[in-house]
There are 2 protein chains.
Amino acid sequence: MTDFTTYTAVQHQGALPAIPDLETRATGDEDQDTRLWLRMLSCCNLIENEVRSRLRTEFQTTLPRFDLMSQLTQAPKGMKMSELSRLMMVTNGNVTGITDQLEREGLVERLKDARDRRSSLIRLTAKGKRTYRKLQQAHESWIQSLLGGTAPTTRETLFDLLGELKHATYARLPAC
Amino acid sequence: MTDFTTYTAVQHQGALPAIPDLETRATGDEDQDTRLWLRMLSCCNLIENEVRSRLRTEFQTTLPRFDLMSQLTQAPKGMKMSELSRLMMVTNGNVTGITDQLEREGLVERLKDARDRRSSLIRLTAKGKRTYRKLQQAHESWIQSLLGGTAPTTRETLFDLLGELKHATYARLPAC
DNA sequence: TATTGTTATACTCTATAACTATA
DNA sequence: TATAGTTATAGAGTATAACAATA
């Protein structure tokens with residue numbers, strides 16, 4: 001094993017350009033699982049960084065805020081904080097913080113749950129729905145322009161195989 | 001289009017368990033690119049959250065610090081800050097901050113570049129190399145246990161297709 | 001003038017833990 | 001006792017911008 005030969009350099013020699021990212025740290029002797037992981041991570045980071053940057057500069061918002069609003073579109077009657085916390089995989093305290101921001105801007109509202117006075121239900125306001133629609137459309141066009149270079153068969157196969165991988169991985173998380 | 005039917009629920013009905021994550025926000029009417037993106041993102045987040053958590057609890061460190069050390073293993077004679085910044089895709093100021101932390105702990109050292117006195121070269125110390133080796137071994141075993149449930153043919157195909165996607169996406173980034 | 005790296009600042013996200021109110 | 005949500009705290013990462021030293 002040579003610790004200092006980059007995997008990227010080996011694979012791309014004379015053909016494809018080297019991409020500066022996480023994957024360049026692969027050294028050629030990783031096991032196959034690690035190579036797959038680093039490659040998937042670098043794909044995600046390329047896109048995620050771009051999306052975060054555009055959400056910030058074009059809409060003055062963030063991915064977690066977009067995510068929270070997105071979750072709420074599926075619960076027109078409102079969603080409990082604890083449910084949001086579970087779906088977003090962050091702690092209750094963090095959901096409170098993000099909700100506070102969105103509430104101050106009039107994008108979501110807290111409703112009292114009559115059946116359990118400890119709980120509140122969060123839902124999008126009319127303004128929040130309008131705002132989300134714009135965000136979602138912009139997001140979709142960004143993704144299309146970033147991924148549009150991928151062949152449809154590649155995309156479909158990837159989608160299916162990532163589904164397999166996701167479920168295999170999920171089942172192996174200690175928390176499950 | 002129905003805005004409130006979750007894609008996850010539709011796809012998994014009666015077969016696979018619903019996984020609480022970003023992908024649950026898909027509503028069934030996204031275009032194929034967006035569906036692929038959300039699925040890839042949720043795969044990454046499942047693994048990344050687990051890795052971040054274990055780096056913190058088991059090694060009191062973080063992914064960017066691990067990443068920086070990892071980049072340095074490929075430059076035994078040292079790497080410039082600006083090169084690190086480019087590879088890690090973060091700003092110079094942030095590389096300075098992470099380097100400061102690692103230097104305080106004796107894991108990396110700054111060397112003066114005789115040819116350009118503005119620059120410094122960063123490299124792993126002996127202690128840093130030992131620490132990195134432990135981290136890398138733990139990381140590899142975590143990934144193997146998380147991805148080990150994936151069939152080898154699935155893994156190989158994913159690896160190749162993600163390579164395609166990565167290069168197609170990279171070419172479409174505005175910054176390029 | 002441009003580049004390398006540092007410093008300062010402000011902000012978001014995150015985890016942890018203590019706390020209140022309710023069940 | 002347990003649960004839902006809030007608050008407080010501390011820390012990390014990030015972007016932006018001003019700055020010094022050097023090229």
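**Exercise 1.** State how much area chain A and chain B bury between them, and how many residues take part.

*Solution.* Start with the area. In this predicted model, chain A and chain B bury about 8000 Å² between them. Buried area is the accessible area (1.4 Å probe) that two parts lose on being put together, summed over both. Next, the atom types: carbon and sulfur atoms carry 67% of that area.

The model is predicted, so local features need pLDDT of at least 70, side-chain atom pairs count only at pLDDT 80 or more, and totals for chains, interfaces and linings use all residues. Residues are numbered from 1 along each chain, chains are lettered from A, and side-chain values use heavy atoms, without hydrogens and water.

**Exercise 2.** Find the salt bridges across the interface of chain A and chain B.

*Solution.* Apply the rule: a side-chain nitrogen of Lys or Arg within 4 Å of a carboxyl oxygen of Asp or Glu. The rule finds two. One of them is listed here: B:Asp33 pairs with A:Arg155, with the closest N and O atoms 3.2 Å apart. Now sort the chain A side by class. It has 33 nonpolar, 23 polar and 20 charged residues. Asp, Glu, Lys and Arg count as charged; Ala, Val, Leu, Ile, Met, Phe, Trp, Tyr, Cys and Pro as nonpolar; the others, Gly among them, as polar.

**Exercise 3.** Give the order of elements in chain A.

*Solution.* Count first: seven helices and three strands. These are DSSP runs (helices H or I, at least four residues; strands E, at least two). Then read from the N terminus: α-α-α-β-α-α-β-β-α-α.

Key:
Contact = heavy atoms within 4.5 Å.
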